[in-house]
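Thanks for coming. I will take a few minutes on how the two chains meet. Please have a look at the model first.

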There are 2 protein chains.
Amino acid sequence: VGFTVEAVGRYGTWLIADSVEVAGPLSEALMSAGLVADLLLDVDTGLGRTGVEPQGALALAAEIAGLPGLRLRGVLAHEGHLYGYGADHLGLDAEAGEASRRLVRVAEGLRAAGHTIDVVSVGSTPGLAASPCVAGVTEARPGTYVYNDGNQLRLGTCTLGDCALTVLARVVSVHAGRAIIDAGSKAMSSDAVSAENGFGLVLDVAGEPLAGVSFSRANEEHGFLTGPGTSSLAVGDLVRILPHHACATVNMWSELVAMHTDGALERWPIVARH
Amino acid sequence: VGFTVEAVGRYGTWLIADSVEVAGPLSEALMSAGLVADLLLDVDTGLGRTGVEPQGALALAAEIAGLPGLRLRGVLAHEGHLYGYGADHLGLDAEAGEASRRLVRVAEGLRAAGHTIDVVSVGSTPGLAASPCVAGVTEARPGTYVYNDGNQLRLGTCTLGDCALTVLARVVSVHAGRAIIDAGSKAMSSDAVSAENGFGLVLDVAGEPLAGVSFSRANEEHGFLTGPGTSSLAVGDLVRILPHHACATVNMWSELVAMHTDGALERWPIVARH
């Protein structure tokens, strides 16, 4: 399943599986290469994506533990369904705790059956305030938290000052009350776009919201800025766009420019994209 | 404006401008480098994106023609507003012709004023049947036509057999009536996604539609296949996904695998992305 045995040996990669159909071929490949790898059991704690259902975890663990080349070390979940709570923070925190407890209970059941479970790993940015606080959780993987973004801002899990990623764009055309910038869907991604929020929040170069300017539409190489505030924009002006979904936006670029607190710039290659 | 004078000299790039604010700095940069470049005037024939309005073209051409380093050679438009006609082919073809005539009239006006206009360039895939047939048009740039895609299929401008681009994906998890594939929004892009059409049309490996299977949802690395047809899918199965927007999907990858008619494969690097 797109698996490179060499990578496991070289990087000490942890593997994840939610079925014996996935774990079986992994085991065979590792055996052939003379390698042993650590594996986490992917458990569905509410998202309904990948992951074995909690009640099926014990049977699956028994099957996987019998496979050579694999060392069952823990359980893992991604509680992405928490995004569905929007700005209902009480409901979100309650379900974040519940989802973690479901995972901890699976870990306890596996230990009772004799498995050594060192890792109980949860992961989501909206659940960050509650999920990791449940006793028994050993790791949190809040992906968007690195940069934050417009989604998190609207959820109330961060402030604008907590957002570390913007796309720097230039006005290239101004006609009939619209300003066209050189950042379109290929610069922003089309994730989380809505009629209300457009393709991103328009900021000035200093990072302050530009009043009366909406990023209402995008084609591949063109962004459409509209609204009364565009009357102050001229060809050549720079703006910053705060993306809705930082993960998707980073993935559109081969390089990030990181700014140190003293203003010094550093270029970071983005290596883990297709 | 993101402009590399060296590229103009090296590749004989044609420049495009819709204002003297853009053309002026181009002229200065070319002069400094001792280069002369050909330029097309970008005219708005109905899209409302970039492009000078037809009635402003003559005045702008006069200004640009006076700038050293630039050689005004023609006019160009992108009639992307034709997508708004959907499957109304009569209306679409009528407006495609009208848009071309607007551009041809601008070219004639510029010639009457003494400019040498060799190029009258239109460009859009839905307008391909009508736009280039207008007398005076010298070039058509139908971008999506290279691959076609789900959008063009729904517009009726191509058949499934005309679609040359799919994403090959593998089923990695099957639980509770859903099959999860290893192609999500980072594989497909989130362009043209809708509740009705999902993230793409699901085909079998031979390219035939897979009955009763919808690509209803995607996260970054995961695609959700749902519907009664998923009961026939197992972990390890391969499917092909026809993307809605070929341009955006190609842009998500660093490499294409091209298949010759004899089945031979060739790897093509995708070089023109950010």
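Across the interface of chain B and chain A there are 22 residue pairs in polar contact, with both residues at pLDDT 80 or more. A polar contact here is a pair of N or O atoms within 3.5 Å; within protein, one must be able to donate a hydrogen and the other to accept it, and residues adjacent in sequence count only if both atoms are side-chain atoms.

A word on the source: this is a predicted model, where local features need pLDDT of at least 70 and side-chain atom pairs count only at pLDDT 80 or more, while totals for chains, interfaces and linings use all residues. Residues are numbered from 1 along each chain as its sequence is written, chains are lettered from A in the order in which they are written, and side-chain values use heavy atoms, with hydrogens and water left out.

Next, the salt bridges, meaning a side-chain nitrogen of Lys or Arg within 4 Å of a carboxyl oxygen of Asp or Glu. Chain B and chain A have 2 of them between them. Asp44(A) pairs with Arg178(B) in a salt bridge, and their closest N and O atoms are 3.5 Å apart.

As for contact, which is heavy atoms within 4.5 Å, 39 residues of chain B touch 39 residues of chain A.

Finally, how are the copies related? Chain B superposes on chain A by a rotation of 180° with 0.0 Å of shift along its axis, at RMSD 0.0 Å, using least squares on the C-alpha atoms of residues with pLDDT of at least 70 in both. The two copies are therefore related as by a two-fold rotation axis.
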